[in-house]
Amino acid sequence: MYQQFGHLPDWENPEVTGINKLQGHATFWGYDSAENALSNTSPSRLSLNGDWQFELHPNPAALDKSKLQNPDSKISVPGNWTVQGFDKPIYTNVKMPIPDNPPHVPQEDNPTGVYRRTFDLPADWEDQRIILRFEGVESFFCVWVNDHYVGLSKDSRLPAEFDVTKFVQSGENSVTCSVIRWSDSSYIEDQDHWWMAGIYRDVWLYATPKTHIFDIFAKTTFSNGDFSKARLSVDVTVHGEAIGDYAVQLTLFAPAGQKLWQSWEQYAKDVAREVPKTTFVRNFSDVRLWSAESPTLYTLLVTLKNPSGEIIHATTQKIGFRQIEIKGRELLINGQPVLLGGVNRHEHHETRGKAVDEASMVADILLMKRFNINAVRNSHYPMQDRWYELCDEYGLYVIDEANIEAHADYHRLCNDPRWTKAFVERGKNMVLRAKNHPSVIIWSLGNESGYGPNHDAMAGWIRGYDATRPIQYEGCISRNDGGREWNNGRYTTDIVCPMYPTVQEIIDFGNDPDATRPLIMCEYAHSMGNSTGNLREYWDAIEQIHGLQGGFIWDWVDQGLVKTTEDGQRYWAYGGDFGDTINDTNFCINGLIAPDRTPHAAMWEYKHILQPFRVEAVDLSQGVLRIVNRKWFTDLSDLWLEWAVEEGGDVIDFGTVDPMKIAPQGSEVITLPLNLPKAVQGERFLTVRFTTVGNSDWAIAGHEVGFVQFALGETVPNILDQLTFGTRWQGHSIDVDKRTGTLTNVRMNGQTLVEGMRLNVWRAPTDNDEAMIWPEDRQLAHLWRAVGLDAVETRVDSLVTEEACISADCTVSANGQELFALQYRYRPISDALHVELTLTPKIELPPMPRVGVTLVVPAQHEIVSYFGRGGHENYVDRKSGARIGRFRTTIDNMVEPYIYPQDYGNRSDVRWLTIADKQGNGLQVMGAPTFDFSVSHFTQQNLTEATHTYQLKRQDVAYLNLDYGHTGLGGASCGPMTLDKYLLRVDKPVTLSFVLKSIA
């Protein structure tokens, strides 16, 4: 049934990368006239997407000819069979899901799918060259047309094309594919994502003339930094017979459609040349440059004429005038050292797996643009064709990455000559396909495969073919590999592109006089669960130190797949949830957005850090500000400036400033016409917002691009300075538990405000708290459990009740040792209760998860209002993107549904909050001076023990956490630990103070 090379079947022979597969080339469709090419009318193509007959077999040996001809089920193409009821998806990060024995794969358990469908050949395709194109098949497949063997292909993430002209016939035809799940390719496709299988990208049939345009390579360059004068060089490759009698013509159209240039006809006369290529060169003045800020595209029309002068083949390419180079230790885009605020993106859909449709791609790009992200790394493989077109159109800088990762066999396969062809071919075909896309600014040689001569060979081919873009590869400068340093790897990488460095490491590199290349982190700020702490510190360094030019957060989207429990609860599943016994559990759940494209709170922090302006205070008292344009190519005339002064959360003055034509990297001083009351009734904040003037491709008018906030005047007032203590209560009561010293009931004005209280020094561990990649002695959650912070017990040593104060002196213990001395103080006020607790350590403790109390609040109290940082979740090391203001929400709306349950929902720097029923009756908490809070219908124990969202049990009561502080979030699940300044260390007494009051 299958070809054999030597003694190995083709799917176990890395030296066989394809049979009868066409050479790679730029992606374009052919037309029969220039007019049709320009209007994208009637391309000579036929989609083979839709329902195919399908049958899954246990292994390749189970197939025979009859099974190829009669599959008994149906399946949707494009689509993975692993999410269509056949076989199962498997998630692993590093380890292989099969025995690690390259190039061999299991003989018995190697699912093999047979696909078959029929199609009618268009009548006008007679005497044409017919090409069958598969844009993505995982991982090895063979093709038959009308039951004639055509060929095979490997490389799951790039197109495979076959010339089937001699196999097709007029009228009805059949195409059959057998897809083998595991092959030698699997060992170099060991990326950190779901292992799927099947035909998951589009399938096409298209026709060309026998003599046809085969490839186009358009290159733009500029001389001596003069970006008003551009040089366009275009190579056109023609394949066919008697090429010397055919003519090629180029026409360039401006973005608005006017014709800028039409070439003289040139002929590819030298048929004997191995590559029949015609090169066109033209100089232009005053072109509009392509950048992510201004993605200007020109249309290049290429036509082929036969010896009679008739156009027989035509196509177009969208091109952008831009130049990428490295000079003076900087990556320059059109001469500017642009900072890349990027993300790593896998192709993922919550129900379709790797079969991502255009709507999902557009949704990704719109979110990136709206959150000020300007760059994306295709991790860790080339994406489908439409993705590059969308990045060109909307404006994103792209690192295109070869489909190579041999993580389980790090260093091994990159040094094995049997794999050289596969390495080079994957890099080569990536470049050949995407070379004309202006959005692609860097080629990457793959990911986490070690470093060896196969990488050097790949880099050599790419450098020889495309000198217009730099190359990067992390493996050759990895500090995790045998002591290599970032200044090594110069043969292979033009960019120092480390993974998960510390802030201090990139600062040290930036200050290293021997460093000559830019540093752009290919992965950092691992965003697994509730995470992405201390992002601000990375960008402070990036913005201040020459040669540091940004990075790509890992990663874009949580790779959760939809499942439903037996009782109908929908949830997102991860590794191990499909019977995949070899798995890496939830390590695929590390995105800035959820699988349904809902942004996590960390996205707002990134948006704030990347906003394209800076506002500096010159003289706040007089409203004098300096506005800095952080863009590189465009002014700020597309943005309105709106400002408002709030006092205690109420707007007392506001205004707008007309759009300013501040030049790129320029600044302007403005004066706001402040008219503020002299009498100050509360804290004042000036908030400056920038919003879009008009509609764009990615946002509607009024979209907020970013904000800056300044405190005016005094710091936070202390509510205790405004209260009188020692007054006997009228109509109020509290109950104190004599065993624990905590409140068991608080009633005021006929309302029960609190039904219980406990000390809380535990949080449901975040993924970073667990930090499974680190040894146990570096995992915060392990240190917390070792001390017993998840199960502390409180003993009252002394309880004194007086008219003015109830005092409880307590000891907090766990695991048989005393951890803290704890003092509670409850002091009644005429209409309120002051609560104060002081925690004093008795032993040396690890950094604490939190210090605070949990109040049990009655069920009907659901509406939350607060004055503090919001309106989204924020923590001590992830709060610069949360403004201080007054916010109103509900407890249920404060849920952050992290796929793996963990602590969530904190708000920092809170002055006061209320929790009330629909009539406005309830509890008010006032800080003395501030506190953190979160509120939930789930217990900390439930959040700690649950592994999926469907295991969370919503309680009728609410649990209100009032905290002195938290340890920061950090990024330790795959990266550095939380910065020391954000660790909550209790090495001396700490005090939490707040006031409880009823509202009606």
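Here is a short briefing on salt bridges and nonpolar cores.

This is a predicted model, in which local features need pLDDT of at least 70 and side-chain atom pairs count only at pLDDT 80 or more, while totals for chains, interfaces and linings use all residues. Residues are numbered from 1 along each chain as its sequence is written, and side-chain values use heavy atoms, with hydrogens and water left out.

- Side chains of opposite charge can pair when their charged atoms come close.
- A salt bridge here is a side-chain nitrogen of Lys or Arg within 4 Å of a carboxyl oxygen of Asp or Glu.
- The structure contains 58 salt bridges.
- One network of salt bridges links Arg 133, Glu 135, Glu 161, Asp 385 and Arg 433.

**Pairs that link separate parts of the chain**

Helices (H or I, at least four residues) and strands (E, at least two) are DSSP runs, numbered from the N terminus. Buried means under 20% relative accessible area, exposed means over 50%, and partly exposed is in between (1.4 Å probe, protein chains only).

- Asp 215 and Lys 435 form a salt bridge whose closest N and O atoms are 2.5 Å apart.
- This pair links distant parts of the chain, 220 residues apart: Asp 215 is in strand β18 (residues 212-223), and Lys 435 is in the loop between α5 (420-434) and β31 (440-444).
- Asp 215 and Lys 435 are both buried.
- Asp 909 pairs with Arg 869 in another salt bridge, with 2.7 Å between the closest N and O atoms.
- Because Asp 909 lies in strand β55 (residues 907-916) and Arg 869 in strand β53 (residues 863-870), the pair ties together parts that are 40 residues apart in sequence.
- Both Asp 909 and Arg 869 are buried.

**A pair within one helix**

- Glu 389 and Arg 386 meet in a salt bridge through their side chains (2.9 Å, N to O).
- Three residues apart in helix α4 (residues 385-394), Glu 389 and Arg 386 are separated by about one helical turn.
- Glu 389 is partly exposed at 32% relative accessible area, and Arg 386 is partly exposed at 24%.

**Nonpolar cores**

A nonpolar core is a set of buried Ala, Val, Leu, Ile, Met, Phe, Trp, Tyr and Cys residues joined through side-chain atoms within 4.5 Å.

- The largest nonpolar core has 126 residues, and among those touching the most other members are Leu 340, Tyr 397 and Trp 539.
- Helix α3 (residues 358-370) gives the most to this core, with six residues.
- A second, separate core has 59 residues, including Leu 743, Tyr 826, Met 848 and Phe 931.
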